[in-house]
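I opened a new model today and kept notes as I went.

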Amino acid sequence: MVTGQIRQSLSGFYDVDVDGETYRTRARGNFRNSNQAPLVGDWVDFKAENKKEGYILSIHERENSLIRPPVANIDEAIVVTSCVEPAFSSNLLDRQLIMLESHHVRPVLYFSKGDLIPEGKVTELSDIIEAYGKIYPTFFPFGENEDDVVKSLQDTFPGKIAVVMGQTGAGKSTLLNKIMPELELQTAEISKALHRGKHTTRKVTLMPIAGGLIADTPGFSSFDLFDMSKEELPKLFPELNELSVGCKFRGCLHIKEPKCAVKAALEQGEILESRYKNYLQFNQLIVDQKPNYKK
Ligand SMILES: Nc1nc2c(ncn2[C@@H]2O[C@H](COP(=O)(O)OP(=O)(O)OP(=O)(O)O)[C@@H](O)[C@H]2O)c(=O)[nH]1
Ligand SMILES: [Zn+2]
C-alpha cells in the first residue's frame, strides 16, 4: 500500500502524486457505491502493481472541501473580483465569501481591472476594497505597484493548495498567466477567437505554481448556494461575528433585536453598509428557501 495525494481527476481516473512520481488510479467499485468520491487534493492510500493501474483503498480525513471546484484540503481560495467589466458586485463577492466561510476555506481577495476604473469611481472603489482589506487578506494591483502586488500574492502560495475562483471574465486566467507565463492559459479573447467553449472537459487539476498547487475553476455567471441556516449565516461574516459579543442577546441575528452591536456599528459607519444589506438579503433568501428550517 502506498500513500499519496490526488493531483488530477479525469473521466474516473485519479492521478496520485507520491514524492514527484505519478500513479494513475481508479476508485474501487465498493468505493464508488459509497457516498464518498475521491477529490483532487485528497490524501489517499492505494495499491498499485505499476504506475498505470492503481486502486484507491481509502481517503484520509479532509481538512475541508468545496463542490465548485471539487477540491479537498484547500489552504486558500483566491477570489478574483473585477472592478469593471464585469462591473463590481458586492453581492456576488459576499456570496462567494460566505460559501467559502461555510466550508472552512480561507478567502484571499484579488481585485482585477483597476486600470479600467473610470476616474470618477476610483475613490469609491478604493474605499470598498480598503474595507474588505480589514476583513480579509486583499490584493489590489493598481497603477505603479501592480507587479509588487502580484508578487506578494504569489508569496502566499508556497506549500499550499489554492483554488482560484470568480465570475466569468473576472481575470482568473490573466492573473495566473501573470504569475506563470509558461502556463499560457487561454484568456477570454483567445477562446472567443477559437470559437469554442473553454471548459469542455471535466478535468480538475492542481498545477504547480510558485511553490504551491493551484486549481483554476471555470467562471460562473450566477451564484446562489445557500445551504446554511439563518443562525449560522451571521457567523460567516467575520466582522459581524466579532461584533456580536457586544449584542445584548446571544444568538442575535442583528435584524430587529434591541441593543445590537452590529446595528450600532453600522450607524457609526464602522462596517460596510453593502455587506449588511447583503446579509439581510441572504437571510431572507434562507428564510424563503427553507420554510421548515425555522426553529
Ligand atoms: N484591462 C484589464 N483587462 C483585464 C485584466 N484582467 C483580465 N483582463 C481581461 O479580461 C478578459 C477576461 O479575462 P480572463 O483572464 O480570461 O478571465 P477569467 O476569469 O479567466 O474568465 P473565465 O475563464 O471565463 O472564467 C480578458 O480579455 C483579459 O485580457 C486587467 O487587470 N485589466
Ligand atoms: Zn446583534
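My notes start with the ground rules and then go from domains to strands, loops and helices.

**Ground rules.** I am reading a predicted model, where local features need pLDDT of at least 70, side-chain atom pairs count only at pLDDT 80 or more, and totals for chains, interfaces and linings use all residues. Residues are numbered from 1 along each chain as its sequence is written, while chains are lettered from A and ligands numbered from 1 in the order in which they are written.

**Domains.** I looked up the domain assignment and found domain 1 (2-59), domain 2 (76-216) and domain 3 (233-289). Such bounds come from an automatic or database domain assignment. I then checked the centres of domain 1 and domain 3, taken over C-alpha atoms: they are 43 Å apart.

I took helices and strands as DSSP runs, numbered from the N terminus (H or I, at least four residues, for helices; E, at least two, for strands). Two strands pair if DSSP finds at least two bridges between them. Strand 1 (residues 2-10) runs antiparallel to strand 4 (residues 43-48), with 4 bridges. I picked out Gly4, whose bridge partner in strand 4 is Val44. Strand 4 is also antiparallel to strand 5, over 5 bridges. There, Asp45 has Ser58 of strand 5 as its bridge partner. A hairpin of 5 residues leads from strand 4 to strand 5.

In which order do the 6 strands of the open sheet lie? I read it as 8-7-6-9-12-11, with mixed pairing. Strand 8 (138-139) and strand 11 (207-209) are the edge strands, each pairing on one side only. Inside the order, I followed strand 6 (residues 76-82) and strand 7 (residues 107-112), which are parallel and share 6 bridges. Ser82 faces Ser112 of strand 7.

**Loops with cis bonds.** Most residues other than glycine have a negative phi, and most peptide bonds are trans. I noted the exceptions. Arg68 and Pro69 are joined by a cis peptide bond, with omega about -5°. Pro69 sits in the loop between strand 5 (54-59) and strand 6. Another cis peptide bond links Glu85 to Pro86, with omega about -10°. Pro86 belongs to the loop between strand 6 and helix 2. Glu85 is in the loop between strand 6 and helix 2, and its phi is positive, near 50°.

**Helix 2 against helix 9.** Two packed helices are described by the angle between their axes and the distance between the axes. I used axes fitted as lines to C-alpha atoms, for helices over the stretch in contact, with angles from 0 to 180 degrees between N-to-C directions. How do the axes of helix 2 (residues 90-102) and helix 9 (residues 273-289) cross? They come within 10 Å and cross at roughly 65°. The two helices are therefore roughly perpendicular, a label for angles of 65 to 115 degrees.

Which residues of helix 2 meet helix 9? Ser90, Asn91, Asp94 and Ile98 meet Ser274, Arg275, Asn278 and Phe282 of helix 9. Contact here puts C-beta atoms, placed from the backbone, within 7 Å.

Definitions and conventions. Angles under 35 degrees count as roughly parallel, over 145 as roughly antiparallel, 65 to 115 as roughly perpendicular and the rest as oblique. Two residues are in contact if their C-beta atoms, placed from the backbone, lie within 7 Å.
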